[in-house]
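Subject: Structure for your review

Dear colleague,

Please find below the structure that I am handing over to you.

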Amino acid sequence: MVGFKHTIWALLLMMVTGTAIAQNNTNSPYTRYGYGDLSDQSFGNSKAMGGIAIGLRDGSQINPTNPASYTAIDSLTFLFEGGVSLQNMNISGGGVKLNAKNASFDYLAMQFRLAPWMAMSVGLLPYSNVGYTVSDSQTTDNDLTYSRSFTGDGGLHQLYVGAGVKVLKNLSVGVNASYFWGDLTRTRSVIFPQMSSSTYYSYNRQMAVSISDYKLDFGVQYTQELNKKHSFTVGAIYSPKHKLNNDYNSTIQVGSSTTEKMDATLELPNTFGVGFTYNYDKRLTLGMDYSLQQWSKTEFGIATNDINVRQDFEETYAYCDRTKISVGAEYIPNLIGRSYFAHIKYRLGAYYTTPYYKIDGKKASREYGVTAGFGLPVPRSRSILSISGQFVRVKGLETNMVNENIFRVSIGLTFNERWFFKRRVE
């Protein structure tokens, strides 16, 4: 009966999430470029540990970053996990000063074992978010002032089905296959106060892309026990470069509207990652991740005779490689202690990352983050409530680029139930 109730709740949560995932949850001007802000796809425990996940292996929580980790689950366990975040963002610099508050869907997934050597996971993840409104004033060579505004919204998402296989006692491999989809809309408006001028005119241009394709992610983990209390896990991930199927349209309004369907080339990059975790007595976990996304080697282009559209596309989709380094730790005071506080999982972490987009041909910013949180056992169950706080600093590298200070609170709930066993009645 417990499993049935949680299944109903899972279906209801998925329906609610289907609505929430389409909502804007960012106000960053940097989301004007590329696919927007790339989402943190780590789950509750990982978020509080700086985002480490590649070498993280925990049978009580789901880790889709490395599908090889699925085999850590035991034969009687069913996991269902969901998470949301609330954030406060302060933006300053480049003539911009803004405070914004947002809520976002983070993840929704389930995991269970199929065989002693194989486990499966299904989940829904955001990939990127676009949401911005920026305006300024410019002056022509003839001292005519006009205003410009840039707006955008949308995002990309993935619904994955993954499997992990234990090929040797200490070695597991895994793969996630995702349906990858989303819509991105960007609008640029130019308004001249003298509409009657034969030289200058106001116009509105909207560029919209709809993406529908697939995505593959591979992972491997090797665990070695040094003795009864000491062990380590080494992991690696790889996602191949992939050209995305898309419909790209440009609508220009100057008096009347003209819509042009274009052939655009959009790609996802090769992604490589390695990670390491050390575990002491099943109470202390220390880890580090490094990942590289080769955005500079992705192709982008558009077939159009409109030089303004082509220039805007090239500016929006100019890429550079993205790297990320994360470190994190988790500590449990006493696994067999009677005190509730002895069973709380205390987590801490930090990360550093570079952007994948360029602005005016230059790298735009650097991002730093520190994280902390708790894994709170739910009384009279094996479930865990994960709460984490993140402080993120996005530093613009040029004087005309903005800085962002973000404080984010993430909440995740992991239902951990024993489903696959028969009750015995004497």
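Among contacts (heavy atoms within 4.5 Å) in the chain between residues at least 6 apart in sequence, 68% join residues at least 24 apart. Please note that this is a predicted model, in which local features need pLDDT of at least 70 and side-chain atom pairs count only at pLDDT 80 or more, while totals for chains, interfaces and linings use all residues. Residues are numbered from 1 along each chain as its sequence is written, and side-chain values use heavy atoms, with hydrogens and water left out.

**Overall composition**

The chain contains three helices and 21 strands. Helices (H or I, at least four residues) and strands (E, at least two) are DSSP runs, numbered from the N terminus. Of the 426 residues, 48% count as buried. Here, buried means under 20% relative accessible area, exposed means over 50%, and partly exposed lies in between (1.4 Å probe, protein chains only).

**Nonpolar cores**

A nonpolar core is a set of buried Ala, Val, Leu, Ile, Met, Phe, Trp, Tyr and Cys residues joined through side-chain atoms within 4.5 Å. The largest such core has 38 residues, of which Tyr30, Tyr35, Ile211, Tyr248 and Trp295 touch the most other members. Among the elements that give two or more residues to this core are strand E4 (118-139), strand E7 (203-225), strand E11 (256-268) and helix H3 (307-316). The most is given by E11, with four residues. Another core, of ten residues, lies apart from it and includes Ile73, Leu79, Ala109 and Ala119.

Tyr30 touches several residues beyond four places away in sequence, including Tyr357, Ile359, Val394 and Met401.

Strand E11 also holds Ser256, which is exposed, with a relative accessible area of 52%. The C-alpha atoms of Ser256 and Tyr203 are separated by 9.7 Å, and these residues are 53 apart along the chain.

**Salt bridges**

How many salt bridges does the rule give? The count comes to six, where a salt bridge is a side-chain nitrogen of Lys or Arg within 4 Å of a carboxyl oxygen of Asp or Glu. Three of them are described here.

Asp58 and Lys345 form one, with the closest N and O atoms 3.9 Å apart. Asp58 lies in the loop between helix H2 (44-47) and strand E2 (77-93) and Lys345 lies in strand E16 (residues 345-353), so this pair ties together parts that are 287 residues apart in sequence. Lys345 is buried, at a relative accessible area of 12%.

In the pair of Arg347 and Glu330, the closest N and O atoms are 2.8 Å apart. Because Arg347 lies in strand E16 and Glu330 in strand E15, the pair ties together parts that are 17 residues apart in sequence. Arg347 is buried at 3% relative accessible area, and Glu330 is buried at 9%.

Lys47 pairs with Asp40, the closest N and O atoms being 3.5 Å apart. Lys47 is buried, with a relative accessible area of 4%, whereas Asp40 is partly exposed, at 30%.

Thr285 is placed in strand E13 and counts as buried at 12% relative accessibility. Its side chain makes a polar contact with the side chain of Asn279 (3.0 Å). A polar contact is a pair of N or O atoms within 3.5 Å; within protein, one must be able to donate a hydrogen and the other to accept it, and residues adjacent in sequence count only if both atoms are side-chain atoms. Beyond its neighbours within four places in sequence, Thr285 is in contact with residues including Leu56, Gly328 and Glu330.

**Positive phi angles**

Most residues other than glycine have a negative phi. Lys282, although not a glycine, has a positive phi of about 60°; it lies in the loop between strand E12 (271-280) and E13 and is exposed, at 66%. Arg380, also not a glycine, has a positive phi of about 60°. Arg380 lies in the loop between strand E19 (365-377) and E20 and counts as exposed at 85% relative accessibility.

Yours sincerely
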